[in-house]
Amino acid sequence: MEQLAGALTATDEAYRAEDLGGAATHAEKLSRLAWQIGLLSFAGVAMDLGACIERRDRVATMAVHARLMRVGNRSLTVIWDRTQMA
């Protein structure tokens, strides 16, 4: 979970710094981590961010980044709550 949260933060920081290459690289790592633990929607949105960056579609990149942050934070919250209950 820590790696997942770190990758989400790194993706967001790179995006906000307008380092789109870095954001795409972090999004790819994020996608792999999310996929490995079964967070398929999270993984898919991370892959979509990388695809939008590669297409140089600024509007889509902004929208997908916002979606990634929503889905990512929701997924991490669910995982955190489950581990706290166990």
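I take helices (H or I, at least four residues) and strands (E, at least two) as DSSP runs, numbered from the N terminus. The model is a predicted one, where local features need pLDDT of at least 70, side-chain atom pairs count only at pLDDT 80 or more, and totals for chains, interfaces and linings use all residues. Residues are numbered from 1 along each chain as its sequence is written, and side-chain values use heavy atoms, with hydrogens and water left out.

**Entry 1: two loop residues.** I looked up glutamate 18 and found it in the loop between H1 and H2. Its phi is near 60°, a positive value in a residue other than glycine. Buried means under 20% relative accessible area, exposed over 50%, and partly exposed in between (1.4 Å probe, protein chains only). Glutamate 18 has 65% relative accessibility, so it counts as exposed. I then turned to arginine 56, in the loop between H3 and H4. Phi of arginine 56 is near 60°, again positive in a residue other than glycine. Arginine 56 is exposed, with a relative accessible area of 75%.

**Entry 2: H1 against H2.** Two packed helices are described by the angle between their axes and the distance between the axes. I used axes that are lines fitted to C-alpha atoms, for helices over the stretch in contact, with angles from 0 to 180 degrees between N-to-C directions. The axes of H1 and H2 come within 8 Å and cross at roughly 160°. H1 is therefore roughly antiparallel to H2 (angles under 35 degrees count as roughly parallel, over 145 as roughly antiparallel, 65 to 115 as roughly perpendicular and the rest as oblique). Contact means heavy atoms within 4.5 Å. Among the residues making this contact are Leu4, Leu8 and Tyr15 of H1 and His26, Leu30 and Ala34 of H2.

**Entry 3: the core.** A nonpolar core is a set of buried Ala, Val, Leu, Ile, Met, Phe, Trp, Tyr and Cys residues joined through side-chain atoms within 4.5 Å. Which members of the largest nonpolar core touch the most other members? Of its 26 residues, I noted Leu4, Leu8, Leu30, Phe42 and Leu68. Helices H1 (2-16), H2 (20-36), H3 (40-55) and H4 (58-85) each supply at least two residues of this core.

**Entry 4: Phe42 and Ser75.** Not counting residues up to four places away in sequence, phenylalanine 42 touches Leu4, Leu8, Leu30, Ala34, Leu68, Val71, Gly72 and Ser75. I followed up serine 75, which lies in helix H4. Serine 75 is buried, at a relative accessible area of 12%. With the sequence neighbours up to four places away left out, serine 75 touches Leu39 and Phe42.
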